[in-house]
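User: Could you show me how to read helix packing in a model such as this one?

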Amino acid sequence: MDEVVRQIITRRRFLQLAAASAVVAACSPSAVSTGSSGPGGSTAAGGSAPAGGSGVPPSSGGGVTGTINVSYPDEAGLKPKYVEQAAAAVKAQFSGADVKIDLQKVGDDDFYTKLLLALDSGTGPDVFHVGGSSIGELADASYIEPLDDYVSQWADWSQYPDAVKSGVTYKGSVWAIPYGLDMRWLYYRKDDLQKAGLAADWQPANVQGILDAANAVKNAKESNVLPYALYAGPAGSSGTADHAFVPLLWAYGGELQDSSGKWIGDSPATKKVKAATEKNVGYVLHPTETGGPSFTIGGPGTCWYISSRSANKQGAWEFIKAFNTADIVGKLNAEDPHPVARKDAADVAEFKASKYNVDATAALEKAKFVPPDPGYSKVIEAIQKATARVAAGELGPDDAAKRYTDDLTQALGADKVVSQ
């Protein structure tokens, strides 16, 4: 494996590889396309196209033939009927095409481990389904095909808000098509705020408003009530970054990266972070320190990708289009509640029946997306260390911010980190 692949397969996955190798066949040799090639050029039956983007614009799709291999994990059982519906639509549109579906009833991590092994050997599926947080590392390893030429000819791409497009854009190219998005509100308990003398439809004007409400709840001295809860340390997993540190960093006017792409360590905003049932749970946008425009944090969720070594890239793209219709996106996200990636899917009746779904999708117009940079996983680890030190009383905000810079520098290199 080259160095990029070694970085992708982390220590956490190392022990999974031995267990996965015995069953990797579901993602490997049998999943190689045997049909006509897409824009990547022709290959021998059962072979693989060269890694990396072809640079050749996709055809209109009128002549799609051969096998399109689709691989995805699903333990909950909500997606299969929609995948099969998309496959049937492709076969109905293209008489010479066949779609083989590889449904794996395993967790996302197990699937990803097996997928990496298959992609590294050049025998992965034509189109697959993993989290958008993997965009950067998959693109850097040349495992996935850039989709710029495809989306430029897809009228439906106009239904995706700019913020959503930014969440699947890395190094200037689009790499994946999302359907159900991640979105983080600032949640609060209506009953606890009312007991503290605050309104059930509470809306903080700024960050200080959050702290004032927390103090009011604290002073009400209700038993078994936490005035303000934030993830800290490694126990919070990625939530320590995405649900606690990053919202406050942005609220205080800070950024994760500067305009040149360097990760920001010590900064005024960094020092300020941590320094300080459905019918009964409220949700609002995150306010800022100065009372400026409120925001939410968006994530691309799970996306569809095309393998750079697929021998049937055009067929893979036709499947992605068939899956990501307004009807399928709306109905699937009504069953598995997430904001929809395309705006018109919010008009699907089943999706509109939930006020939460509608509100979450509308909030994406004010969303900021964490960059799909492969270095972010190391940034999360540095955030966990910094927040754990403050939560444990080991360091104050200023010293923790300096140590955060040191940790980023050690993990990413001095040329990729800056202080402000």
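Predicted model: local features only at pLDDT ≥ 70, side-chain atom pairs only at ≥ 80, totals over all residues.

User: At what angle do the axes of α3 and α12 cross?

Analyst: Axes are lines fitted to C-alpha atoms, for helices over the stretch in contact, and angles run from 0 to 180 degrees between N-to-C directions. Helix α3 (residues 80-93) and helix α12 (residues 313-323) cross at roughly 125°, their axes coming within 8 Å. The two are therefore oblique to each other, a class left over once angles under 35 degrees are called roughly parallel, over 145 roughly antiparallel and 65 to 115 roughly perpendicular.

User: Which residues of α3 and α12 make the contact?

Analyst: Contact means heavy atoms within 4.5 Å; here α3 contributes Y82, V83, A86, A87, A89, V90 and Q93, and α12 contributes E318, F319, A322 and F323.

User: How does α3 pack with α13?

Analyst: Helix α13 (residues 326-335) packs with α3 at an angle of about 170°, the axes lying 10 Å apart, and that makes the pair roughly antiparallel. K81, Y82 and Q85 of α3 meet D327, I328, K331, L332 and E335 of α13.

User: How far apart are the end C-alpha atoms of α16?

Analyst: The expected span of a helix is 1.5 Å times one less than its number of residues. For the 16 residues of α16 (residues 376-391) that should be 22 Å, and the end C-alpha atoms are 22 Å apart, which agrees. Just after α16, G393 takes a positive phi of about 75°.

Definitions and conventions:
Residues numbered from 1 in each chain as written. Heavy atoms only, no water. Helix = DSSP H or I, 4+ residues; strand = E, 2+ residues; numbered from the N terminus.
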